[in-house]
Amino acid sequence: MKKTIKLLFVLFICAGMLIPVSAFADRVDLKGKKITMSILGIAGWFPSKLGVDMSPAFAEYAKKNFGYDVEFTFEEAPFTTLFQKAAASLATKSDDYNIIVSDSQWLGGFSSPGWIIKLNDVIENNPKLKAIEWYDQIVVDTYMTYPLGSKNYWGFPLEGDTMALFVRKDKLLDPEERKAFKEKYGLDMPKTFEDFAELTMPDFEKMLEFFTRPKEDFYGIAQHYSKVYDFVCTAAHNYIWSRGGKIWDKDTGQVWGILNAKGNADALKEYKKSLKWAPPGAVNYGNSQIIESWNGGKVFSAIMWAAVGNFMMEPKDGEAMIVPPPKHLIGGTGEPNRIYSMGGQPWVINSFNDKEHLQVAKDFMEWWYTEETQMEFARRGGNPVIASVLNRPDFEQIKPWFRAFKYMLKDTRGRDFWHHPLYAVMLAKQQEAFHAYITGQVKDPQKALDYAAYHVHKTLYDHGVAKPPPPTSAAKIELK
């Protein structure tokens, strides 16, 4: 009998050793306490502040379910400096910012130094978080994982975002405009969402040409071209990916021979061609300039983030029809294909939080992904990404851009930049090269791509990511 008891005891101990320590972790009891949480978000990007604006509802949730009081403060910085502001704080192991709104491409930069917590155990140990069904794999790939393709989760999706096409409905549906277009080009302009879903770039360009009327100070399109932040790369990638190109091999780190492939040079040439139908000064267009040109009635169409739909509702007599952006042709002449840049931001949780603030952060995420909260987020203009909300029969009617956003939120239609810790350096070289070509500083798109491919590959090679090195002869390439 004693041998049996001893055996059972040994088996119990051994079995216990197989259970992760995190499985025994109890929640921190905060009953009766008052906690202040700080969120660092993106200045001028209203979805990043919606969590704070909605936080009184979380305070009620926390009080009812866990017995503590909580309030939130909010600090912000522009896209261009937010990572640096967060990094400066996190590098000192500070808990000044308990939760941070991260751009998706910063996941590698935040996670590699150990500044944010890995979320796998947080999700595994919370049945409500574990039960979440994301709308599509692109949500996981874009807002949660580093490295791409892994099951290492570092972010919780805050704001989903995709590219959408905004079209002036009054111009598009005007009978006289439609008649004149058909007489000139021999085809009908698209009229419905379904028509635009099948629209190809060659036919779309006919529309841009038709509506470009400089004497009336009216032009065909506004889209991103600026050297600021990631704007020119964002738009250029739309052309590269949709025409069948790639910007690197994520598994090997190879860039040379991929980014500067001839097909990508052709894609850049087509991208630059679109300036013929854009307003003067469009080479400096970022988000605010696109919004201004649209609301000022200067353009027939805009390829823009769905997330800014709230701010693209003017001019009132030119109500927007918001649809999928056009398909390109693979290689310029092949099958229609549509792969556009992903936007949006995840929440990340500071790994230097004390146990109390970490517990509140976990509770906040549990509340944030309830269907009730996500529906309120949608009603306020945020773009949710959970399947239970996007699959509701009434979802697409909540906001004018939701149908296009949902349509584009597929891994067959969207793709993100690198999530690599060297993202900022890689981006800077591509921005420099692409913008040099767009502005005419460099005449040959191949030269711009060779320059970018060499420097991005060299950066990865110097940090042990890419092998072999890029050709040394390419070091002599200059943007002139």
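Biologist: What share of the contacts in the protein with a separation of 6 or more comes from residues 24 or more positions apart?

Modeller: Residues 24 or more positions apart supply 74% of the contacts with a separation of 6 or more, where a contact means heavy atoms within 4.5 Å. This is a predicted model, in which local features need a pLDDT of at least 70 and side-chain atom pairs count only at pLDDT 80 or more, while totals for chains, interfaces and linings use all residues. Residues are numbered from 1 along each chain as its sequence is written, and side-chain values use heavy atoms, with hydrogens and water left out.

Biologist: What is the average pLDDT of the protein, and where is the pLDDT below 50?

Modeller: The pLDDT, which is the predictor's confidence in each residue on a scale from 0 to 100, averages 93 over the protein, and 95% of the residues score at least 70. The pLDDT is below 50 over residues 1–24, a stretch that has four contacts in the model beyond near neighbours in sequence.

Biologist: Why does the radius of gyration agree with a compact globule?

Modeller: The radius is taken over C-alpha atoms, and the globule rule is 2.2 Å times the number of residues to the power 0.38. For 480 residues a compact globule would come out near 23 Å, and because the protein has 25 Å, the two agree. Along the principal axes, the C-alpha atoms fill a box of roughly 95 × 55 × 40 Å.

Biologist: Why is serine 94 called buried?

Modeller: Buried means a relative accessible area under 20%, exposed means over 50%, and partly exposed lies in between, with a 1.4 Å probe and protein chains only. Serine 94 has 12% relative accessibility, and therefore counts as buried. Serine 94 sits in the loop between helix 4 (79–90) and strand 3 (99–101), and leaving out residues up to four places away in sequence, serine 94 touches Ser89, Asn350 and Phe352. Over the whole protein, buried residues make up 56% of the 480.

Biologist: Is lysine 93 buried or exposed, and what is its phi?

Modeller: With a relative accessible area of 61%, lysine 93 is exposed, although lysine 93 lies in that loop between helix 4 and strand 3. The phi of lysine 93 is near 60°, a positive value in a residue other than glycine. Most residues other than glycine have a negative phi, and most peptide bonds are trans. Tyrosine 229 also has a positive phi, of about 50°, without being a glycine; tyrosine 229 is in the loop between strand 5 (219–222) and helix 13 (231–242), and its 16% relative accessibility makes it buried.

Biologist: Which peptide bond involving proline 147 is cis?

Modeller: The cis bond joins tyrosine 146 and proline 147, with omega about -5°, and proline 147 is in the loop between helix 8 (137–143) and strand 4 (156–168). The bond from lysine 467 to proline 468 is cis as well, with omega near -10°, and proline 468 belongs to the segment after helix 21.

Biologist: How do you know that proline 470 is buried?

Modeller: Proline 470, in the segment after helix 21 (445–462), has a relative accessible area of 6% and is therefore buried. Apart from neighbours within four places in sequence, proline 470 is in contact with Trp256, Tyr454, His457, Lys458 and Tyr461. Proline 470 and valine 255 are 215 residues apart in sequence, yet their C-alpha atoms are 8.4 Å apart.

Biologist: What makes valine 70 and tyrosine 97 buried?

Modeller: Valine 70 has a relative accessible area of 10%, so it is buried; it lies in strand 2 (residues 69–77), and its contacts, residues up to four places away in sequence aside, include Ile35, Met37 and Phe58. Tyrosine 97 has 8% and is therefore buried, and of the residues that tyrosine 97 touches beyond four places in sequence, Ser38, Leu40 and Glu75 are among them.

Notes: Helix = DSSP H or I, 4+ residues; strand = E, 2+ residues; numbered from the N terminus.
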